[in-house]
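Here is a short walk through one chain. Start with a single side chain, then step back to the whole.

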Amino acid sequence: MRYPDAQLRANHRPADLIPPGIRPGEVVVIQAPPRSYAGPILLTITLAVGASVVIVVLAIAFQIAAAAAAAAVPTVGGAGISLKLARKR
């Protein structure tokens, strides 16, 4: 029911919610709608995706910083450093 007086027009008045001494014709019972879980679910998905994006960005930034440091070491001290990825055999 969309309007408060819709319950009066439809005669929907639960007897257990009406206090004694009150005329049932003057009572409008308003019940809360059921809880929507769409907000908490979307928030959880957003946080999970955001955290994974942050981890990927940090991993890429660390990789770039390590490659830049390895490229800069020979120009500073004359030593050579090479980064090698592990290979599966």
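L42 counts as exposed because its relative accessibility is 54%; exposed means over 50% relative accessible area, buried under 20% and partly exposed in between, with a 1.4 Å probe and protein chains only. L42 sits in helix α2, which spans residues 38-77. This is a predicted model, where local features need pLDDT of at least 70, side-chain atom pairs count only at pLDDT 80 or more, and totals for chains, interfaces and linings use all residues. Numbering runs from 1 along each chain as its sequence is written, and side-chain values use heavy atoms, without hydrogens and water.

L42 also belongs to a nonpolar surface patch of about 680 Å².

Now take I18. It lies in the loop between α1 (5-10) and α2. I18 is buried, because its relative accessible area is 15%. From I18 to V28 the C-alpha distance is 9.1 Å, across 10 residues of sequence.

Step back to the chain. It has 2 helices and 0 strands; these are DSSP runs, H or I of at least four residues for helices and E of at least two for strands. Of its 89 residues, 7% are buried.

How values were computed:
Patches are made of residues with over 30% relative accessible area and no salt bridge: like charges are joined within 9 Å, nonpolar side chains (Val, Leu, Ile, Met, Phe, Trp, Tyr) within 5 Å. Accessible areas come from the Shrake-Rupley method with a 1.4 Å probe; for residues, only the protein chains shown count as cover. A salt bridge is a side-chain nitrogen of Lys or Arg within 4 Å of a carboxyl oxygen of Asp or Glu.
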